[in-house]
Amino acid sequence: GRGAASLQARARTARYRAMAELADDIRADRIVTGHTANDQAETVLLWLLRGAGLTGLSGMRFIRNQRIIRPLLEITRHDVLDYLKREGVRYREDSSNATSLYRRNRIRRELLPVMEQIAPAIVRRLERQSHVLRADDEYLEEIVDHLYRSTVIVEPSGNQRFERQMLARLPAALQRRLLRRSLRAGDPEGRAPSLRTVENVLRLVAGKSKGMVSVRGLDVITEREWIVLRLTPQRT
């Protein structure tokens, strides 16, 4: 359920934070994770079930934040376990993997086996799909990087503003991405907004009237000629 999903998200954030602190302590340049092609397939399906856009459906990156690397992302879980057994290397199975409480585990234990009956190479197919979509996603992100730098005014306060007409002239795909980039820039933790949040904001700014919608850390205000993303004061 939603509570279990949020618990998993908090646990993941805590794990990455702990790894970053340990890396700082021992002056390590990189953090290496053991994500496999199976983990990638599960991630793609998780995002699909959430109703994600291209970024979510392209799955995990080989390099995250220039520090975390995932060198096993193209190797299946079966091949990894086969290697460990052949070499006599001990490994530990996370106890939470045995329960169907979490959505990812249900995908792993229930959904993927059914998909494999229909398409035996489903893990490889989802891995290839993530490659193709990632190339498209990265190209569109380059365009949006340029758009953001050239059209969005970032004030010293951190508030952002851009012309309403400029956004209206963009193709829908770039409208979503520019809004997503601006919303992420204003989020206190730098998190990307959900597709639903982006769509809600897009509905407001696509109209002709003035209005306001609040999202994480921001008030999005539509004026006659401008769209303003105003930082909301953080409660202490």
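Which residues line the largest cavity? I find Gln40, Phe62, Leu73, Glu74, Glu127, Ser130, His131 and Arg134 there.

Before going on, a note to myself: this is a predicted model, in which local features need pLDDT of at least 70 and side-chain atom pairs count only at pLDDT 80 or more, while totals for chains, interfaces and linings use all residues. Residues are numbered from 1 along each chain as its sequence is written, and side-chain values use heavy atoms, with hydrogens and water left out.

**Cavity.** I looked for cavities (sets of points on a 1 Å grid over the protein atoms alone where a 1.4 Å probe fits but cannot get out; lining residues have an atom within 4 Å of a point). Helix α6 (residues 122–151) gives the largest share of its lining, four residues. I sorted the lining of the largest cavity into two nonpolar, three polar and three charged residues.

**Pocket.** Next I turned to the second largest pocket (a pocket is an open set of points with protein on both sides within 12 Å along at least five of seven lines). Its volume is about 220 Å³, taken as the space filled by probe spheres set on the points. I noted that α7 (164–169) and α9 (195–206) each supply at least two lining residues, with α7 giving the largest share, four. Among the lining residues of this pocket are Arg164, Gln175, Lys208 and Arg224.

**Asn38.** Asn38 counts as buried because its relative accessible area is 14%, and buried means under 20%. Beyond its neighbours within four places in sequence, Asn38 is in contact with Thr76, Arg77 and Val123; contact means heavy atoms within 4.5 Å. The Asn38 side chain reaches the backbone nitrogen of Arg77 at 2.7 Å. I also looked at Pro120, 82 residues from Asn38 along the chain, and found their C-alpha atoms separated by 13 Å.

**Whole protein.** Last, the overall picture. I count nine helices and eight strands, which are DSSP runs (helices H or I, at least four residues; strands E, at least two). The C-alpha trace spans about 65 × 45 × 35 Å along its principal axes. Of the 236 residues, 33% are buried. Among contacts between residues at least 6 apart in sequence, 57% join residues at least 24 apart.

Key
Buried < 20%, exposed > 50% of the residue type's maximum accessible area, 1.4 Å probe, protein only. Polar contact = N/O pair within 3.5 Å; in protein donor to acceptor, adjacent residues only side chain to side chain. Nonpolar A, V, L, I, M, F, W, Y, C, P; charged D, E, K, R; others polar.
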